[in-house]
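Here are my notes on this model, as numbered points. Please read them with the structure open.

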Amino acid sequence: MTRVSPGALRLLALVLVLLLVGAFFASQIENYLNARLFNRISSSVAIVALIACAQTLVILTRNIDLSLGAVVGFTAYGTGALVTAVPDLHPALLALAALGIGAGFGLVNGLLVAYAGVPSIIVTLATMAIFRSALVEFSDAQSITTDSLPDWLVAFPNLQLFAIGGVQFRAAFVAAVVIVIFVHLALTRLRPARALYAVGSNPEAAEMAGIDVRRTVLAAFVAAGALAGLAGLFFLARFGNITVVAGLGFELKSIAAAVLGGVNIFGGAGTVVGALIGAILVDLIENSLVRWDLVSEFWREAVLGLLILSAVTGDALLMRRLQRLRIRRDKAAAPVPKEATP
Amino acid sequence: MAAPVLALRDVSKSFGATRALSGMTLELWPGEVHAVVGENGAGKSTMIKIMTGVHAPSTGGVEVDGRPVTLSGPREARAKGVSAIYQEPMVFPDLDVAENIFISATDLGLVQRRGLLRERARELIARIGMSLDPDRVASGLTLAEQQAVEIARALSQDVRVLIMDEPTASLSAHEAGELRRIARGLAAEGVAVVYISHRLEEIFEVAHRVTVIRDGSHISTRPIAEVTPERMIAEMVGREVGNYFRKDESHATPEVLLSVRGLGVEDAFEGVSFDIHRGEVLCLAGLIGARRTDVALSLFGIRPATAGRVLWKGQEVRIGSPRAAMALGIAYVSEDRRKLGLALPLSIRSNVTLATLGKVLTRWGLMRERAERAVTQGYRERLNIRMADADTPVGKLSGGNQQKVMLAKWLETNPQLLIFDEPTRGIDVGAKAEVHDLIRQFVRQGGAALVISSDLPEVLALGDRILVMREGRQMGVIPHEAATQEGVMRLATGQDRDAA
C-alpha cells in the first residue's frame, strides 16, 4: 500500500496552484508564456527563495522574524561598501562577509528571543526598525551604485550556467536552488536538525526530552540571519544600486512564501522546498500583476496579503476537518468500550 | 551492599509560603513496581518533579545508587536513567513514531539513517509487547499508543527508574491492562517503576510496594500484601478535620431550581442526573479525571451537553453558550482564576463589573465610574475584600481576595445558581472559612450552589448532598447525614458503588 504523506500532498497541491495561476495569467496577458518570463522570475526568486528558506527555519520553532528585510537591506549595503572599498576582495570572502553580517543580526534576535524570553514578534519588529535605522546611519543616506562594483559581481546574476531552449539557468537562481536543497537535506537528514521540528511541535516535551530549546531557537535565528545576509549579497549583485530602502517589504514576502509553501505558522511542520515553491508562486504573481492592466500597482501588496490570508485560512479549515476525520476513524478502529465499572 | 537506585532523603519543598513537601523519604529498588497514592494535592506531582530534576528540593537530598546527586533538569535526570511519563503524553505531534522515540538519542550519529531508526524503533516497541508502525505520524496515535512511544523513548535511553504519573487515567480498560503488563514487564527487567494512580484496584494488581503520602508528608510504605484498601484510604484521608469547617443546618427548600437527567458530553462524561433545590448546596466530589469540571462547563454552556435533558425551574432548556447560561441566572466561578476568571492587570473595579458591563453601569454607552466604584465598595464591605483601593490591579491581591473579587463579579450578575469550581484551592484557611460563609449566605438568600471540590473536609462541611463522580460516571449521591470521608473516597476510587 502506498501512502502519500500529507506533506507530499500539499506540495503537489501547491504545484497545481502554480500551474493554474500560470494558466490564468496566460489567458489574460498576451505573449505571456515564454522563456523571458522564466528568466525574469528566476532572477527574483533567487533572492526571495533564500529569505523564504530563512523564514521557514524560524517559523519551524514557533517564532517569526520580521527583521529579515532589514537584514537583506543592511547586508546589501554593507557588502557593497566593503567591495567598493576593497575591489580585489575574493568572492568567497565577500560571501563569507555577507553570511557573517546576517548571522550577527540573527544572533541579536536569537539571544533576545531565546534567552531574554521576549516574544519574537516584538523583538524582530523592534530590530526591523533598528537595523533599518542603523543602515541609514551607516550609509549616511548615500547609495551604492553599480559603477563602483566589480564586474564579476554585476555579471553574476545574469551569468548563464546552462540553457534549455531559450530558458536560461542563471548562476544566482541555480545557487539559491542548490542552497535550498542543501538546507532541505540537512533538515530531513541531520539528526540535530530534528530538534527544530521538535521544539516547534511541542516545546514542553522538547524540554523534557532533554533538548536545549533555547539553543535551538538561537540557532534558527542565526541561520536565518546568515541566509538573509546571503540574500542581501544577491540583492546587491542583481540591482547594483542600493539605497536605504533596499529589501523593504521582504519580511512580508518571506512569510507569504513560507506560509503558502505549507509551513505551519504555529511551528513544527513544513519544508524549505515548500517554501521555495511558495517563493516562486509569490514572484510569479507579483511579476504577472505588473503586466496585468486590470490591477493597479497599489493593489499588488493587497494581493499578497490576500494570498497569505487564504493560505492560512484554508490550511486551518483543512486541518480542523482532517482532525475530525481522524478522531472518527480512531473511534471506529477502537471498539474497546470505556472501562465498565463493576 | 546494595543501595536503592533512587532515593529521596528527607526532602522538603516550598513554593513561597506554601509547603508542598515536608520530610519526604522514598527508596526505589531495581525490579519493583512502587505505587504512590495520595489525595489530590498531597504532593505527588511535586515529588515527581524533584525526582525528574524539574524542581530542586528546598532541603534534603536526592541519591542515585546511594550517592548524593544534584539533578539540574530533566536532561540530567534522563542521563542518570530517570524518566517520567504522564497522563498526557509528551510526544511531538509532527514527527513520526521512530523520530519521537529517538529524539534525544545521542548515539545515532549526525546523519539520520531511516532504516536503522525504523529497525531499532521496532525492536523497542516489540520489547514492550506492542505493535506500532514506526513511520506513523504521532498526531494520529491514540493516547495509549503515545504512551507506548514515550515508554520506548525511555527504554532507548537505558531507563533505570520509570515514573508513571496517572498513566491509565485516560485509557480504556483494555489499554490500562496492557499498560500494567508493560509496567510489570519492565520491573522484571530490573527497572524501578514508580506507579502513581487513583485506581486502587489496579494498584493491588500491579504494585509490589505502596507508599501513602498525605499533605506533603510520607505516611507509610508497605509491601502490597500487608495493605488493605480500607487501610490505604484511611491513611490517605486521615487528617484531622479542622473545627472551622462547621456544617450548619440545611436551608434547602422543596423548590427544584435545576434538574438534570442523563446529562453527558461526548468523550467526557455521561449519565449524570441530579436536582438542585433553592437554598441547597450540592457538592461534586471525585478525584482528578472524574470529569467534574466538564459537568460544570456543560451547565455553563462552554461545552454544551451532547446527551440528556436540563430543566430550569421545570422548563426544559438548552444551554448552548455562557450567554444563555447567564440569561437563565447561572454563573460559573472557575477554578483557574488566572486563566478563566480574572483579568489580572485590570483594576478591582473593572473586574467586578466585567460580566455586567452592558447592563447598569453605562449611560449613553459611557462607563459611569462613580456607579462602578459604588458597586465595588458594596462588595468590598459585603465580602470583606482587603484592598488598598478599587483601582489596584487584581493581580496584586492575595489568592483569597482574588477569589472574592471573582465572586463579586458573578454575584453582580444576580445569579440564582452559582457553580463553584474548587473555590478554595490555594487560599489560606481564614479566607477559606470566609468563602464558605459566603456560599452559605448565598443559598440562605434563596440561591443554589453547585460546588466542585477535591477537599474532602470542605465537601463534608458544605454539601447538603454530595454527588461522587469517577471517570465520567456518577457513582452515587450521599446525603450529608450519611457522608463520611471514607465513604466518599470509596466511591471516588471505585471501591464501592451506590445503588443510585
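1. Start with the interface of this predicted model. On the chain A side, 26 residues are in contact with 25 residues of chain B. Three elements of chain A each give two or more residues to that side: helix H8 (191-201), helix H9 (203-208) and helix H13 (300-333). H8(A) gives the most, with 5 residues. By class, the chain A side divides into 12 nonpolar, 5 polar and 9 charged residues.

2. Next, the annotation on chain A. An unreviewed UniProt entry places the feature "transmembrane region" at residues 41-60, 67-86, 92-118, 169-187, 217-237, 258-282 and 302-319 of chain A. How much helix does the model have in residues 41-60 of chain A? That span is 100% helix and 0% strand, and its end C-alpha atoms lie 27 Å apart. Residues 169-187 of chain A are 89% helix and 11% strand. Here the end C-alpha atoms are 26 Å apart.

3. Look at one helix pair within chain A. Helix H2 (residues 35-60) packs against helix H11 (residues 250-260) of chain A at an angle of about 70°, and their axes are 8 Å apart. The two helices, H2(A) and H11(A), are therefore roughly perpendicular to each other. From H2(A), the contact includes Val48(A), Ile51(A) and Ile59(A). Among the residues they face in H11(A) are Phe250(A), Lys253(A) and Ile255(A). The contact of H2(A) with H11(A) divides into 9 nonpolar, 3 polar and 1 charged residues.

4. Now a sheet in chain B. It is open, has 4 strands in the order E12-E11-E14-E15 (chain B), and pairs antiparallel.

5. Strand E11 (residues 256-265) of chain B runs antiparallel to E12(B), and 6 bridges join them. Val260(B) has Phe274(B) in E12(B) as its bridge partner. Helix H9 (residues 292-299) of chain B lies across E11 and E12 of chain B, at about 115° to E11(B).

6. Last, a hairpin in chain B. Strand E9 (residues 209-214) and strand E10 (residues 217-223) of chain B run antiparallel, joined by 6 bridges. Val212(B) stands opposite Ser220(B) in E10(B). Between the strands are 2 residues, and Asp215(B) takes a positive phi near 50° in this hairpin.

Methods: Residues are numbered from 1 along each chain as its sequence is written. Chains are lettered from A and ligands numbered from 1 in the order in which they are written. This is a predicted model: local features need pLDDT of at least 70, side-chain atom pairs count only at pLDDT 80 or more; totals for chains, interfaces and linings use all residues. Two strands pair if DSSP finds at least two bridges between them. UniProt positions are given in the numbering used here, feature names are shortened, and annotations may be inferred rather than shown by experiment. Axes are lines fitted to C-alpha atoms, for helices over the stretch in contact, and angles run from 0 to 180 degrees between N-to-C directions. Angles under 35 degrees count as roughly parallel, over 145 as roughly antiparallel, 65 to 115 as roughly perpendicular and the rest as oblique. Two residues are in contact if their C-beta atoms, placed from the backbone, lie within 7 Å. Ala, Val, Leu, Ile, Met, Phe, Trp, Tyr, Cys and Pro count as nonpolar, Asp, Glu, Lys and Arg as charged, and the others, Gly among them, as polar.
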